[in-house]
Amino acid sequence: MRMDVIEVDAVEKVFDVRRRAGRLRRERHRVRAVDRVSFTVRSGEVVGYIGPNGAGKSTTVKMLTGILTPSAGRVRVAGIDPSRERTRLARRIGVVFGQRSTLWWDLPLRDSYRLIHRLYRVPDTVFRANLERCVELLDLAPLLEVPVRQLSLGQRMRGEIAAALLHDPEVLYLDEPTIGLDVVSKARVRGFLRDLNEERGTTVLLTTHDLTDIEQLCGRVVVIDHGRVVYDGALGGLHAAGESERMLVVDLEREFAPVGLAGVRVVRVEGPRQWLAFPAARSAAPLVAELARRYPLVDLSVREPDIEAVIARMYAGRSA
Ligand SMILES: Nc1ncnc2c1ncn2[C@@H]1O[C@H](COP(=O)(O)OP(=O)(O)OP(=O)(O)O)[C@@H](O)[C@H]1O
């Protein structure tokens with residue numbers, strides 16, 4: 001049976017900040033970075049944790065690693081309370097921060113890996129097998145003797161991901177793992193993560209602003225905004241939540257006035273071609289049938305909305 005490996009229940013994090021209020025006065029001010037957030041992640045799931053800047057994503061991930069203690073609520077990762085047993089938890093999780101390195105800057109990659117081997121007390125056979133696998137799949141062989149500071153961003157990121165996996169973690173947190181990478185490196189990292197999840201059943205919580213990461217990796221997304229969960233479900237369902245539209249592009253035999261169909265908005269007419277927007281959740285089939293019955297239809301295509309637009313619309317709706 002699949003278990004919940006990450007449990008976040010009514011979790012809050014409030015920061016006390018001092019702000020200047022005049023020449024000498026400082027005012028205390030509270031920032032509620034995470035506001036009664038609840039979600040669970042089952043073993044083997046890949047979940048995207050997304051939201052605009054300052055939404056509370058990093059603060060949540062820091063509570064999941066034990067770096068920060070929640071102000072209220074309950075967090076469990078692999079049954080462990082992260083802030084109480086951070087060291088024990090560290091053996092069960094892997095963490096990759098796209099913007100921060102966990103490797104030793106002046107050491108060759110291989111030496112960083114040796115240190116991790118010893119620090120985490122990884123059994124020799126496990127370490128060797130994992131290193132071999134990562135070196136092969138992430139193409140690290142030519143890089144092992146190179147000091148980390150000489151690696152390109154894409155090379156270093158592959159090195160970081162390997163470092164996070166050498167101790168066989170059940171859960172992997174990835175914070176912007178493809179940030180700044182070129183298209184080829186992004187594809188390689190995504191392919192590796194997909195295989196890792198499929199073959200090993202590693203649970204992944206992925207924070208990213210790159211929606212292709214989400215589309216290609218995540219079966220489910222949790223969207224957070226102003227510290228609160230505003231959506232939790234399948235990626236496809238975001239369209240309905242964001243009230244997004246699909247587009248039917250039709251070519252008629254000749255020019256017509258904008259077609260009149262219930263539930264359809266004509267957004268553009270160019271000669272015999274018309275662009276018809278309709279709710280994304282609705283089936284296109286009856287619309288096409290009705291069109292074909294009433295107009296001389298020559299050709300058509302359906303365009304899916306892009307997720308970025310959907311999420312932007314959802315955020316806008318929330319703050320309005
Ligand atoms: N140590 C801190 N002290 C005070 N305020 C903080 C602290 N850390 C985060 N915050 C505030 O909490 C809120 C949430 O920040 P957080 O870094 O979790 O957002 P995020 O969703 O990860 O954003 P981004 O996408 O920009 O990384 C922000 O308003 C931020 O300024």
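Author: Let's start with the residues of helix H5 that are buried: Gln155, Met157, Arg158, Gly159, Glu160, Ile161, Ala162, Ala163, Ala164 and Leu165. Keep in mind as you click around that this is a predicted model. That list covers 10 of the 13 residues of H5, so the helix is largely enclosed by the rest of the structure. Notice that Arg158 and Glu160 are in the buried set too.

What do the buried residues of H5 pack against? On the strand side, the partners are S5 (93-97) and S6 (171-175). On the helix side, they are H3 (109-119), H4 (124-137) and H6 (183-200).

Now zoom out. The protein has 10 helices and 13 strands, and its C-alpha atoms fill a box of roughly 75 × 55 × 50 Å along the principal axes. Of its 320 residues, 32% are buried. Among contacts with a separation of 6 or more, 70% join residues 24 or more positions apart.

The domain assignment gives domain 1 as 4-239 and domain 2 as 245-304. Their centres, taken over C-alpha atoms, are separated by 44 Å.

Next, the ligand. Its shell takes at least two residues each from strand S1 (4-20), strand S2 (26-42) and helix H1 (57-65). H1 gives the most, with three residues. If you want names to click on, the surrounding residues include Phe15, Val17, Val31, Ala33, Lys57, Ser58 and Thr59. Gly51, Asn53, Gly54, Ala55 and Gly56 are also around the ligand. By type, the shell splits into five nonpolar, six polar and one charged.

Strand S10 (residues 245-252) pairs with strand S12 (residues 273-279) in the antiparallel sense over seven bridges, and Glu245 has Pro279 in S12 as its bridge partner. S12 also pairs with strand S11 (residues 265-270), again antiparallel, over five bridges. There, Arg268 stands opposite Trp275 in S12. S11 and S12 form a hairpin with two residues between them, and in the turn Gly271 has a positive phi of about 60°.

How values were computed. Residues numbered from 1 in each chain as written. Predicted model: local features only at pLDDT ≥ 70, side-chain atom pairs only at ≥ 80, totals over all residues. Near = placed C-beta within 6 Å. Helix = DSSP H or I, 4+ residues; strand = E, 2+ residues; numbered from the N terminus. Nonpolar A, V, L, I, M, F, W, Y, C, P; charged D, E, K, R; others polar. Domains from an automatic or database assignment. Buried ≥ 20, exposed ≤ 12 C-beta atoms within 10 Å, placed from the backbone. Contact = placed C-beta atoms within 7 Å. Pairing = 2+ DSSP bridges.
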